[in-house]
Amino acid sequence: MATIQIRNVRDEDYQALRQAAEAEGKSLQAYMQEQASVLARRAKKRAAFHTVRSAVADDGGGGVSTDSIVADLDAIRGPWPGDGSDSSARG
């Protein structure tokens with residue numbers, strides 16, 4: 001496991017972190033390890049979203065719209081049972 005050392009933390013921030021750890025019944029070290037994991041997960045998600053956004057932007061959308069998606073789904077699913085050809089009952 002890696003070790004992280006943070007210097008020059010403002011006194012009021014340090015006290016707030018100690019109090020938060022104490023309120024959860026944890027040592028400051030355990031609390032900070034948990035918070036570091038939360039920050040790491042957020043960073044991973046942010047990177048994944050950035051990758052997806054970039055891929056979509058590079059793709060140009062491919063002409064896909066909500067209407068085309070719904071039409072394709074309707075074509076795949078077919079009419080509702082007992083519906084015949086009237087799709088107004090789909091709701």
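Trainee: Is Arg-41 buried, partly exposed or exposed?
Mentor: The model is predicted, so local features need pLDDT of at least 70 and side-chain atom pairs count only at pLDDT 80 or more, whereas totals for chains, interfaces and linings use all residues. Residues are numbered from 1 along each chain as its sequence is written, and side-chain values use heavy atoms, with hydrogens and water left out. Buried means under 20% relative accessible area and exposed means over 50%, with partly exposed in between (1.4 Å probe, protein chains only). At 46% relative accessibility, Arg-41 is therefore partly exposed.

Trainee: Which helix holds Arg-41?
Mentor: Helices (H or I, at least four residues) and strands (E, at least two) are DSSP runs, numbered from the N terminus. The chain has 3 helices and 0 strands, in the order α-α-α from the N terminus. Arg-41 falls within residues 28-59, which form helix α2.

Trainee: Which residues gather with Arg-41 in the patch of positive charge on the surface?
Mentor: A patch takes residues with over 30% relative accessible area and no salt bridge, joining like charges within 9 Å and nonpolar side chains (Val, Leu, Ile, Met, Phe, Trp, Tyr) within 5 Å. Lys and Arg count as positive, Asp and Glu as negative, while His and the chain ends are not counted. The place of a charge is NZ of Lys, CZ of Arg, CG of Asp or CD of Glu. Gathered with Arg-41 are Arg-42, Lys-44, Lys-45 and Arg-46.

Trainee: What is the area of the nonpolar surface patch that includes Val-9?
Mentor: Val-9 is in the segment before α1 and is partly exposed, with a relative accessible area of 37%. Accessible areas come from the Shrake-Rupley method with a 1.4 Å probe, and for residues only the protein chains shown count as cover. Together with Ile-4, Ile-6 and Tyr-14, Val-9 makes a patch of about 410 Å².

Trainee: How far apart in space are Ala-36 and Ile-4?
Mentor: Ala-36 lies in helix α2 and is partly exposed at 35% relative accessibility. Ala-36 and Ile-4 are 32 residues apart in sequence, and their C-alpha to C-alpha distance is 9.7 Å.

Trainee: With which residue does Arg-77 form a salt bridge?
Mentor: A salt bridge is a side-chain nitrogen of Lys or Arg within 4 Å of a carboxyl oxygen of Asp or Glu. The N to O distance here is 3.0 Å, and the partner is partly exposed, with a relative accessible area of 27%.

Trainee: What distance does helix α3 reach from its first C-alpha to its last?
Mentor: The expected span is 1.5 Å times one less than the number of residues. Helix α3 (residues 66-77) has 12 residues, and its reach is close to the expected span, at 16 Å.

Trainee: What N to O distance separates Glu-34 and Lys-26 in their salt bridge?
Mentor: Glu-34 is partly exposed, with a relative accessible area of 33%. Lys-26 is also partly exposed, at 28% relative accessibility. Their side chains meet with an N to O distance of 2.3 Å.
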